[in-house]
Amino acid sequence: MKNIFTNNNIPESYKIKKPYNQDTFLVNGELREWKRNTSNVFSPIYTENSEGKLAPTFLGNIPDLGETEALEALDSAVNAYDKGRGEWATLKIEERIACVSNFSKMMLETRDEVVKLLMWEIGKPYAESCNEFDRTIEYIDDTILALKAMDLKASEVKEHSGILAQVRRAPLGVVLCLSPYNYPLNETFCLLIPALIMGNTTIFKPAKHGILLLSPLLKAFQKCFPKGVVNIIYGSGRTLATPILKSGKVDVLALIGNSKSANILQEYHPKKNRLRLVLGLEAKNSGIILPDCDLDLAVKECVLGSLAFNGQRCTALKILFVHEDIVEEFNKKFVAEVEKLNCGLPWDENVNITPLPEPNKPNYIQELIVDAQAKGATVINPSGNYFEKSFASPTILYPVNNSMKVYHEEQFGPVVPILSFKEITEPLEYVSESNYGQQVSLFSKNSDSLAPLIDSLVNQVCRVNINTKCQRGPDVLPFVGRKDSAVSTLSVHDALRTFSIRTMVAFRSTDVNTQILDDLLKSEKSNFINR
Ligand code: G3H
């Protein structure tokens, strides 16, 4: 496992031949040139530099925009929405669908480059990078189908108590999208695409890592959407998002990230009831392993659940409670499986554990381990607690207790805390006391053991997984959380609702009104009232 970075045989097709100089940003339909201050983008993958020393690979640079450019992007989105009179907001649904479908086609052409950049920028293994891209295309296609079905249902005119009405979903206005580094493509598009297709205009600022992978898509955004509908800006979140929110002109804050940033940002908005929140935040999902489980299956799901993409998933299993009767055997098998994981670089065959994109993450993981060891936990896997530059090996800590940081904090990295429990009330209390409420995984073969737990846990989290790791997918299922884990629901179908509001046209059922309604329905006069 040692020397993660020295035998790096980079396949020819994945080499970065020339650094990316991202010197434009998208505002008002123009790719505006930026010749002022920029930020360098480095990979978490160390390669030999010109002096023969191992250093983070330089990938390119991006604009470091300021308040002026942030407000230009805001104006562009506000003008494009034009108080609901803008071209995009009033376009027929099938025309918006055509734009999104064109975009998806153009996006497909960028697959190889985007996958390559996912590997370099965030260290995501090749197979998972391909999966992120393909899952995103599928999400777009499914969104189109879901909107068609939703629209077909809404075309019906209903009559109640002498009132005729056509109820449809309308856009909310201007959406500010801030996305996370762990799924910089997929989670961005899970916000942007439903927001756009419902007729909103958007300002999007990428995460701290996983930025250059958007460069191959800028032209497609520019080409497929009317001017001002998609605005893409680069720079510090604080610098750019603060003035945009303070303006009071944003209708939706769509953020996948951290609850502290979400709290700070929403506070800036002067008109609280205008701002709709779409937030996907942290979690500390528990795995609860009961004595009557299928141990091999539980181990397999817990390894995947806690360590896929180095544990950098909001849905990861971040703490494991194992019944005291089986903890010894569970730990033995768990350690054996974790030791089989392949550590290396994203393009290495069958790699599982790769370098971490956040420069401070290895130090933080080390701090958690040192703190836990000082308070009585042991690293129980032989290859645990190994650090090399941006790489941290998977580390299993046992026995963990509530005095340790790793018991409370979302580690978002390759460290797995394990506790044993005697009474089921112990993990149940943990879940209900937690500030987070996303998901939980229960492992048992016995429905008698599971039923009471299911009935109480569904009231504490939003997904109880049985003999299955925690996860967001399949994307047709609602993705939601309680407490500090989420606000609003995302899924192919739910996101269309989240980024829109029901609005209607109603008529008292008189002869004149019925005539007007008939005429509107038959003609192409209105884009809202039609069949
Ligand atoms: O980081 C949070 C992601 O939404 C998790 O998605 O469960 O599909 O890996 P996933």
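Predicted model: local features only at pLDDT ≥ 70, side-chain atom pairs only at ≥ 80, totals over all residues.
I started with the ligand and listed the residues around it: Arg-135, Asn-182, Tyr-183, Glu-187, Arg-313, Cys-314, Thr-315, Gln-471, Arg-472 and Phe-479.

For Arg-135, I found a side-chain N or O atom 2.8 Å from a ligand oxygen. Tyr-183 also uses its side chain, with an N or O atom 2.3 Å from an oxygen of the ligand. Arg-472 does it through the backbone: one of its backbone N or O atoms sits 2.7 Å from a ligand oxygen.

**H5 and H6**

Helix H5 covers residues 126–154 and helix H6 covers 186–197; their axes come within 10 Å and cross at roughly 20°. Angles under 35 degrees count as roughly parallel, so H5 is roughly parallel to H6. I noted the crossing of H5 and H6 as right-handed.

Which residues of H5 and H6 make the contact? On the H5 side I wrote down Glu-132, Arg-135, Thr-136, Tyr-139, Ile-140, Thr-143, Ile-144 and Leu-147. From H6 come Asn-186, Phe-189, Cys-190, Ile-193, Pro-194 and Ile-197. Sorted by class, the contact of H5 with H6 has 9 nonpolar, 3 polar and 2 charged residues.

**H3 and H6**

I then looked at what else packs on H6. H3 does, at an angle of about 150°, with the two axes 9 Å apart. Over 145 degrees counts as roughly antiparallel, so that is how H3 and H6 run relative to each other. H3 brings Arg-96, Ile-97, Val-100, Phe-103 and Met-107 to the contact, and H6 brings Phe-189, Ile-193, Leu-196 and Ile-197. The class count for H3 with H6 is 8 nonpolar, no polar and 1 charged.

**H3 and H7**

H3 (residues 93–108) also packs on helix H7 (residues 215–224), at about 155° and with axes 9 Å apart. That makes this pair roughly antiparallel, and I logged the crossing of H3 and H7 as right-handed. Cys-99, Asn-102, Phe-103, Met-106 and Met-107 in H3 meet Leu-217, Ala-220, Phe-221, Lys-223 and Cys-224 in H7. By class I get 8 nonpolar, 1 polar and 1 charged for the contact of H3 with H7.

Last, I went through the backbone, since most residues other than glycine have a negative phi, and most peptide bonds are trans.

Where are the cis peptide bonds? One joins Tyr-398 and Pro-399, with omega about -10°. Pro-399 sits in the loop between strand E18 (395–398) and helix H13 (405–408). Another runs from Gly-473 to Pro-474, with omega near -10°. Pro-474 is in the loop between strand E22 (463–466) and strand E23 (482–483).

I also flagged Lys-83, which has a positive phi of about 55° although it is not a glycine. I placed Lys-83 in the loop between helix H1 (67–81) and helix H2 (87–90).

Technical notes:
Residues numbered from 1 in each chain as written. Heavy atoms only, no water. Axes fitted to C-alpha atoms, helices over the stretch in contact; angles between N-to-C directions. Helix = DSSP H or I, 4+ residues; strand = E, 2+ residues; numbered from the N terminus. Parallel < 35°, antiparallel > 145°, perpendicular 65-115°, else oblique. Left-handed = near helix turned anticlockwise from the far one by under 90°. Contact = heavy atoms within 4.5 Å. Nonpolar A, V, L, I, M, F, W, Y, C, P; charged D, E, K, R; others polar. Near = heavy atom within 4 Å. Polar contact = N/O pair within 3.5 Å; in protein donor to acceptor, adjacent residues only side chain to side chain.
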